[in-house]
Amino acid sequence: MPKAAIIGGTGGIGAGIARALVDKGWELTVTGATEDDVERHLAAAPDVSAVAMDVTDSDAVKAFFAGLASLDGLVNCAGIIRKLDEYNLDTFRKVIDVNLTGTMRCCLAAHPLLAAGGGAIVNTGSMYTYFGGPHAPAYTASKGAVAQLTKALAGKWGSDGIRVNAIAPGWIQTPMTEAIRGDESREPAILGRTALSRWGLPGEVGALVSWLLSEEASFVTGATYPVDGGYSAM
């Protein structure tokens, strides 16, 4: 049974990815930012192991991966957004530290395990990988950088047998978007720009991740895949 770690897999898109991988026969360990996140996850999905880990804590990240006997797939899903407060430099640095540097910390710590068996990494970008987001400058910068980091790692680690790709989710039904769904001032514009005219589901993101981690994608690396219902095509 292949083994994967989903960083930030206790809720939202990460939880959808976890469920998709479990359905494909993966053995998972997911992480949440806090013990509360872990407890909520275990109540909803007791069949998936979960632990708390702060991706900005280098020692904690190293300890997490040191505790894994083997690893075939890594999914980096941990991320935060602080919107206009990101124009405060301290907040800007925090968002970058979680979304971008946290991704790099996990990739580096997982590298020996993945190299041992020729594993794969999937990082998480966003529609803001492609578009500017004046309401969230740090989030936008971090998600653009994730795509470039993905290319860099793919080039560096291809000789180690490690594939590195990224996903760029669009508007997905998660707790983060709950306030927008049904908001007559915002939802029509979002769906009007989405070619499929609906919100995406976390499991649909999970289906793409499952493919990227599988042998079916064995010659795919360094790519970022939109999963946004056509939002980026409009």
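1. Ground rules. The model is predicted, with local features needing pLDDT of at least 70 and side-chain atom pairs counting only at pLDDT 80 or more, while totals for chains, interfaces and linings use all residues. Numbering runs from 1 along each chain as its sequence is written, and side-chain values use heavy atoms, with hydrogens and water left out.

2. Helix H7. Helices here are DSSP runs of H or I with at least four residues, strands are runs of E with at least two, and both are numbered from the N terminus. H7 covers residues 202-213, and its 12 residues should span 16 Å at 1.5 Å a residue; the end C-alpha atoms sit 17 Å apart, so the two agree. The expected span is 1.5 Å times one less than the number of residues.

3. What H7 hides, and what covers it. Pro202, Val205, Gly206, Leu208, Val209, Ser210, Leu212 and Leu213 of H7 are buried. Buried means under 20% relative accessible area, exposed over 50%, and partly exposed in between (1.4 Å probe, protein chains only). The cover over these buried residues includes helix H1 (12-23) and strands S4 (73-76), S5 (120-124), S6 (163-169) and S7 (224-227).

4. H1 against H7. The two helices pack at about 55 degrees, with their axes 7 Å apart. That angle makes H1 oblique to H7. On the H1 side the contact uses Gly12, Ile13, Gly16, Ile17, Ala20 and Leu21; H7 brings in Pro202, Gly203, Val205, Gly206, Ala207, Val209, Ser210 and Leu213. Contact means heavy atoms within 4.5 Å. Axes are lines fitted to C-alpha atoms, for helices over the stretch in contact, and angles run from 0 to 180 degrees between N-to-C directions.

5. H4 against H5. Helix H4 (residues 89-117) packs on helix H5 (residues 137-157) at about 20 degrees, with the axes 8 Å apart. The pair is therefore roughly parallel. The cut-offs are under 35 degrees for roughly parallel, over 145 for roughly antiparallel, 65 to 115 for roughly perpendicular, and oblique for the rest. Among the H4 residues that meet H5 are Phe92, Val95, Leu100, Met104 and Cys107, and the H5 residues they face include Tyr139, Val146, Leu149, Leu153 and Trp157.

6. Cysteines. I find zero disulfides in the structure, a disulfide being a pair of cysteine sulfur atoms within 2.5 Å. The closest cysteine sulfur to that of Cys77 belongs to Cys106, and at 11 Å it is too far for a bond. Cys107 is in no disulfide either, as the nearest cysteine sulfur, again that of Cys106, is 7.2 Å away. Cys77 counts as buried at 15% relative accessibility, and Cys107 is buried with a relative accessible area of 0%.

7. Ala116. This residue lies in helix H4 and counts as exposed at 70% relative accessibility. Its C-alpha atom is 48 Å from that of Pro188, 72 residues apart along the chain.

8. Two loop residues worth a glance. Most residues other than glycine have a negative phi. Lys83 has a positive phi near 50 degrees; Lys83 lies in the loop between S4 and H4 and counts as partly exposed at 45% relative accessibility. Ser197, also not a glycine, has a positive phi of about 55 degrees, and is found in the loop between helix H6 (187-193) and H7.
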